[in-house]
Amino acid sequence: MKVLRRLRQDWVLYAMLSLPLLYFFIFHIIPLYGMKLAFQDYRILGDHVWVGWKHFKTLFSSPAFTSVLQNTIIISLMKIIFVFPIPIMLSLLINEVRSSKYRKYVQSVVYLPHFLSWVVIAGIWISLLNPADGGVNLIANFFQLPSIDYMTSKEHIRWVLVFSEIWRSAGWDSIIYLAAIMKISPGLYEAAKIDGATRLQQMRFITLPHLYSTVVTVFILNLGFFMNAGFDQVFNFMNDSVISVVDILDTYVYRIGIGNGQFAYATAASLFKGVIGIVLILGTHFISKRFSGKGVW
Amino acid sequence: MKKLSLLLIVAMLAMVMSACTSNSNSPGAGQTEPGTTQPDGSGDPVTLKIVYKDEGTANPVSVKFFETLEKSLAEDEGLNVKFELVDLAQGSYAENLNLLLLGGTIPDIIYFQGGDQQIADQGLLEDLTPYIEKSTYIKEIMEPHNQTRMASYPYLLWIKPLAPKAPVVRADWFNAMESSKALMENPTVDNYYAFFKELVEKKPGEGKPSYALTAAGDIAEINFIFNTAFGLDTTWLKKDDGTYEYSKVSQNEKEKLTFYNKLYKEGLLDPQFITKQWDTKEDAFYKGEAAVITGTAGKIIDLYDGRMQELGGDDASLIVLPPAKGEAQGFGATDVTKEARGLAISSQSPHKDVAFKVFDYLASPKGQMLDRLGFEDEHYKVVDGEIELNEKYYSEWYARFWEPTEIQSETPLKTPLLGEPGTESLKMASDYYTEDNNFIIPEQFIANWDAMNNLYKEYSTDFITGKKDLSQFDQFVEAWNAAGGAEITKYANENIK
């Protein structure tokens, strides 16, 4: 009865929630049924052939698997370490901008790259990093530094992925933190001001602690996508010179699974990725819950 | 919250458990033996579902083409056929087609652009050999490479001229070079080098070109010019002791990469070719940054020619350069294991015979008129008993089905189907035709083959750009063998006859 009363009372909110729930059900829950393909040889007609761990064995014994897994972990770790904090910092900085006109302008500019596809972004970055006449190398040359072919350099390409990811997503990802900051009671800042707190102290002792639970939640949820090192991005930035350092699980699965029609094999690799994602989410959730009392739920 | 979490976990577990139970798809309905359908003009029409890249119901030209084809089949052959175009989602055709087929929707006629082998392995594609043997026109228009490919893989049919990539250069720049004559008369690797060097030094286009040659992302396109000259004329090279070795780990390959490295070091090869895509490659050519690019023989080279003349005037028309001459000459051996793309008939179709009759009709003089020339008064006019193709034909029309080298038209053509460079490139492709000795990579080697290819791509690029010294070539060969090369070489030696 209590549930019904709450449903009737907040029906607008529940109606709004129903669409995302439907989306997750259709695109994330129903496809779980297809996981079985990882253990079968798929037949369009007739019975699928149950092959157990065959595709997993092939995957783990493939000579490329170790390097592909290693690349996936390294690129994902780099993104978690270097990309994840940027939207938090950006939201703090945007929050400190006092002119609302300027703040809106900054927000619009930093949100924009999010709406560009990786194909376009790759084109922009390839031009920008061109060793002959790309902006980055022209600036380096101005300071008497040599040109670097970042796109074909095994030492630099992963950093190109990190920085292009920051460029594309930092602005958009900062929205959630900005929303959390907006929820903080202005009274807290006023009280701090009366007590003589500087802007930096207000940020450190009021804003950041209030952001903590949002940061933890976003971090744990992001870990679920840890093994998705960014297919679209890597696919568009990869070239023959740097395959060995940027070929990730997703690009490998795309080539072998989709390109060569080995769908069961591709499903096995995706399932492997999914299992790692779940382990990371649950592991981080319980660790965080134990030490800070905060988690995803 | 706990209850909700529990509920969700139980629901997910239920899904997983049900996912792990055995399942079967019911076989396709309506399988009939060849020859049992009645493709006559009476009664209800036979509906043929066809899935084809870019030919959906949203494309008015496609719709008109298939409607016209329906009428022509009825008038000329008494076939009462209705085509139903299957629309695919936007995106990669091969991927979307695979999803369609794996979802159990199997049209009668399927155009493949890769990914067909797995479908054929499941017995879903019809062996076309008996149909071709009984055909009236198809067997007459098949090119030698089609015949060899069909003998080895009888599921895909794609009667098109050989279309390797041929090098092209602007005529005004070509004529301004002193080394041009020597190159045309004797296109050795040295004469190519001299021509490239002169182009970059003299810069015939007011400070352009910046470099002589560019390519889209890798050396595959450049290989069309030089591979055969370096003795890389087949995928598997026969050594003096009678055994085979993979061409990419041979000494010939090392020599070729040494030459490419020289071109790169001297600025004759685009320093950014690795990050170029097909569009940026063409852009560099049209803007004059690159003097020479390769284009697919035939219509594509004609399109390059048209665009270049639009930008640079009549003098900028294109000249097709011959393949380099050395140990041999050619654009490389043609893969005859199977068609890389083409049309197939579903083995589950109840109308296989009718589908093939459509194929055969399109190979007939009347079918060819429609497929290759387009619609009368729209793409061509018949003037004084001769066919005059118009601008719309050249800019819009392409044959959806067969394109034998010679067109059997009932009415003579006044204007040629292709422009001068397009025709010349096809002639060269035909003149230098040789068959490759490669084979379809068996399923058990596919994952290793991918790793080996990536190894080659990375090493070869590093050798060319100088990041690795060519003295390390043996190190690459060792790594390639360790990645599965030794195993596949053994397989090759056991299977190549």
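Two strands are taken to pair if DSSP finds at least two bridges between them. The legends below apply this criterion to a predicted model.

**Figure 1. Parallel pairing of β6(B) with β9(B).** The strands β6(B) and β9(B) are joined by two bridges and run in the parallel sense. B:Leu213 has B:Val292 of β9(B) as its bridge partner. B:Val292 is also among the contacts of B:Leu213 beyond four places in sequence, together with B:Phe196, B:Ile222, B:Leu263, B:Leu268, B:Leu269, B:Asp270 and B:Ala290.

**Figure 2. The four-stranded open sheet of chain B.** The strand order is β6-β9-β5-β10 in chain B, and the pairing is mixed. The edges are formed by β6 (211–213) and β10 (318–320) of chain B; each has a single partner strand, so one side of each lacks a neighbour in the sheet. From one strand to the next, the twist averages 30°. In general, the strands of a sheet pair through backbone hydrogen bonds, in either a parallel or an antiparallel manner.

**Figure 3. Nonpolar cores.** The largest nonpolar core contains 111 residues, of which A:Val246, B:Val168 and B:Leu213 touch the most other members. Another core, of 50 residues, lies apart from it and includes B:Val81, B:Leu128, B:Val354 and B:Ala363. Nonpolar side chains tend to be buried together in soluble globular proteins.

**Figure 4. The loop between α10 and β6 of chain B.** B:Pro209 is located in the loop that runs between α10 (189–202) and β6 of chain B. The peptide bond between B:Lys208 and B:Pro209 is cis, with omega about 5°. B:Glu206 is found in the loop between α10 and β6 of chain B as well. Although B:Glu206 is not a glycine, its phi is positive, at about 50°. B:Glu206 counts as exposed because 6 other C-beta atoms lie within 10 Å, the cut-off for exposure being 12 or fewer.

**Figure 5. B:Asp384 between β12 and β13.** The loop between β12 (380–383) and β13 (386–389) of chain B holds B:Asp384. B:Asp384 is not a glycine, yet has a positive phi of about 50°. B:Asp384 is classed as exposed because it has 6 C-beta neighbours inside 10 Å.

Figure 6. B:Gly298 occupies the loop between β9 (290–296) and α14 (299–312) of chain B. B:Gly298 is buried because 23 other C-beta atoms lie within 10 Å, where 20 or more are required. Residues up to four places away in sequence being left aside, B:Gly298 touches B:Pro161, B:Ala163, B:Leu418, B:Gly422, B:Ser425 and B:Leu426.

**Figure 7. The contact between chains A and B.** Chain B contributes 43 residues to the contact and chain A contributes 36 residues. On the side of chain B that touches chain A, at least two residues come from each of α1 (2–19), β1 (24–25), α3 (93–102), α4 (116–121), α19 (446–465) and α20 (473–495) of chain B. The most are given by α19(B), with eleven residues. By type, the residues on this side of chain B comprise 16 nonpolar, 21 polar and six charged.

**Figure 8. Chain A.** Chain A has 15 helices and three strands. The C-alpha trace of chain A spans about 75 × 75 × 35 Å along its principal axes. Chain A has 297 residues, and 32% of them count as buried. Of the contacts in chain A between residues at least 6 apart in sequence, 65% connect residues at least 24 apart.

Note on methods. Residues numbered from 1 in each chain as written. Chains lettered and ligands numbered in written order. Predicted model: local features only at pLDDT ≥ 70, side-chain atom pairs only at ≥ 80, totals over all residues. Contact = placed C-beta atoms within 7 Å. Nonpolar A, V, L, I, M, F, W, Y, C, P; charged D, E, K, R; others polar. Core = buried A, V, L, I, M, F, W, Y, C linked by C-beta atoms within 7 Å. Axes fitted to C-alpha atoms, helices over the stretch in contact; angles between N-to-C directions.
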